[in-house]
Amino acid sequence: MHKKLLIPGPTEVSKEILSAQSQYLIGHREKEFSELYGGITDKINKYFQLPTDFKPTVTTGSGTLWFDIIGRSVVKEKALACVNGAFSQRCAMTLISCGKQTDIIEVEMGKPIKPEMVAEKLCTGKYDTLTVCHNETSTGVRSPIAEIGKMVKEDYPDIIFAVDAVSSMAGDKTLPSEMNCDIVFGSTQKCFALPPGLAIALVNDRAIERAKTVSNRGAYTDLVGIFEYEAKHQTPFTPNVSLLFALDKRMDLLLEETYDKVYQRHVDMANYTIAWAKKHFSMFPEQGYESVTVSCINSNGKDVKAMNDKLGELGYLISAGYGKLKEKTFRIGHMGEWNLVGIKEVLTRIDDVWGLK
Ligand SMILES: Cc1ncc(COP(=O)(O)O)c(C=O)c1O
């Protein structure tokens with residue numbers, strides 16, 4: 001039986017998008033490809049209202065590829081990586097494994113990264129790159145990126161500020177102009193509601209100029225190479241053309257719905273889920289910092305696996321906690337194509353099947 005996905009990625013993908021992939025392939029050095037790819041990046045540009053110094057790119061490879069791109073192409077001497085969960089931890093470890101000196105600010109799981117914590121470290125003047133995760137999918141915490149970005153822009157204008165918005169881009173507010181960042185990236189299997197395999201990044205000229213001064217950038221991770229090909233509406237290496245067909249369709253749908261309405265739809269789903277969670281359980285994130293795309297809920301001693309198995313019989317899949325939080329929490333992803341009507345229906349089914357009153 002097909003289970004509808006309410007896990008925080010991959011999320012449910014509609015038949016319309018799935019069938020958009022099944023077109024005959026085209027050569028990635030042909031004019032037709034440049035028309036397709038150039039059209040997609042134009043749509044991304046429009047949807048994310050890019051300032052003139054920003055360019056979009058679509059890479060074949062999931063969001064983690066961007067940890068490597070930042071590690072290989074952006075960090076010059078030393079990075080400051082902020083860690084508040086499993087994915088931000090993975091980012092920090094990737095920068096280190098790319099051979100870059102990296103200091104870590106680590107806060108307890110469930111807490112956000114706050115501007116004052118970052119400012120306290122940046123004032124030592126040792127860093128050229130800062131990484132923060134906007135939406136820590138492992139804990140359901142949303143950090144105040146706009147405030148962090150404003151402080152960085154005003155006080156540390158030479159730092160490149162890179163934001164992991166893998167599970168918030170195209171759901172939450174992630175315009176570069178809202179985040180005050182230099183790089184922001186997301187994955188297609190999350191709010192874009194496509195199959196996994198592509199990452200979408202918005203990068204400014206300053207970050208590309210920085211990359212030109214960094215050596216040993218690799219091949220797949222060479223930010224300069226990526227944008228040299230972007231100018232021809234191509235990608236440096238063979239892209240996943242089938243997924244690009246689907247992304248083209250998705251960008252049409254997002255533009256039709258509009259950025260503000262997409263955001264509001266996610267806020268409505270989050271508010272409803274949080275109120276439901278507070279009635280029956282409790283929320284894991286610090287109050288006021290809850291994600292709008294994934295709710296991480298304390299299971300308060302209930303058997304998450306048994307509950308999910310029961311839900312599975314009805315054709316839905318939610319997610320256990322991530323890593324250390326596996327037994328203590330569960331997560332409901334409300335992103336992508338889901339809407340309030342669908343979420344209300346699922347939560348009502350959960351009430352029935354879990355015997356919640
Ligand atoms: C916040 C965050 N960052 C990075 C990643 C890694 O992305 P991907 O699985 O697309 O490589 C994930 C995946 O869930 C994530 O949620």
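Lys43, Asp248 and Asp252 are linked in a network of salt bridges. The model is predicted, and the count of salt bridges in it comes to 18. The largest nonpolar core has 56 residues, and another core, of 28 residues, lies apart from it.

**Salt bridges**

- Lysine 55 pairs with aspartate 205 in a salt bridge whose closest N and O atoms are 2.7 Å apart. Because lysine 55 belongs to strand 2 (residues 54-60) and aspartate 205 to helix 8 (residues 205-212), the pair ties together parts that are 150 residues apart in sequence. Lysine 55 has a relative accessible area of 33% and is partly exposed; aspartate 205, at 28%, is partly exposed.
- Glutamate 286 forms a salt bridge with lysine 111, with 3.8 Å between the closest N and O atoms. Glutamate 286 sits in the loop between strand 11 (282-283) and strand 12 (294-298), and lysine 111 in the loop between strand 4 (101-106) and helix 5 (115-122), so this pair joins parts that are 175 residues apart in sequence. Glutamate 286 is partly exposed at 23% relative accessible area, and lysine 111 is partly exposed at 32%.
- Glutamate 154 and lysine 150 form a salt bridge with closest N and O atoms 3.4 Å apart. Both residues lie in helix 6 (residues 145-155), 4 residues apart, about one turn of the helix. Glutamate 154 counts as exposed at 53% relative accessibility, whereas lysine 150 is partly exposed at 47%.

**Nonpolar cores**

- In the largest core, the residues with the most contacts inside it are Phe48, Val118, Leu122, Leu130, Phe192 and Leu247. Helix 10 (residues 241-257) gives the most to this core, with 9 residues. At least three residues come from each of domain 1 (4-10 + 259-354) and domain 2 (15-256).
- Beyond residues up to four places away in sequence, leucine 122 touches Leu80, Tyr127, Leu130, Met151, Val152, Tyr156 and Ile159.
- The core of 28 residues includes Leu95, Phe185, Ala201 and Ala207.

**Buried and exposed sites**

- Helix 3 (residues 64-74) is mostly covered, with 8 of its 11 residues buried; among them are Trp66, Phe67 and Ile70.
- Histidine 266, in helix 11 (residues 259-280), is buried, with a relative accessible area of 0%. Neighbours within four places in sequence aside, histidine 266 is in contact with Ala170, Gly171, Cys191, Val292, Thr293, His334, Met335 and Gly336.
- Met93, Ile96 and Ile104 make a nonpolar surface patch of about 220 Å². Isoleucine 96 is placed in helix 4 (residues 86-97) and is partly exposed at 37% relative accessibility.

Methods. Residues are numbered from 1 along each chain as its sequence is written. This is a predicted model: local features need pLDDT of at least 70, side-chain atom pairs count only at pLDDT 80 or more; totals for chains, interfaces and linings use all residues. Side-chain values use heavy atoms; hydrogens and water are left out. A nonpolar core is a set of buried Ala, Val, Leu, Ile, Met, Phe, Trp, Tyr and Cys residues joined through side-chain atoms within 4.5 Å. Buried means under 20% relative accessible area, exposed over 50%, partly exposed in between (1.4 Å probe, protein chains only). Helices (H or I, at least four residues) and strands (E, at least two) are DSSP runs, numbered from the N terminus. Domain bounds come from an automatic or database domain assignment. Contact means heavy atoms within 4.5 Å. Patches are made of residues with over 30% relative accessible area and no salt bridge: like charges are joined within 9 Å, nonpolar side chains (Val, Leu, Ile, Met, Phe, Trp, Tyr) within 5 Å. Accessible areas come from the Shrake-Rupley method with a 1.4 Å probe; for residues, only the protein chains shown count as cover. A salt bridge is a side-chain nitrogen of Lys or Arg within 4 Å of a carboxyl oxygen of Asp or Glu.
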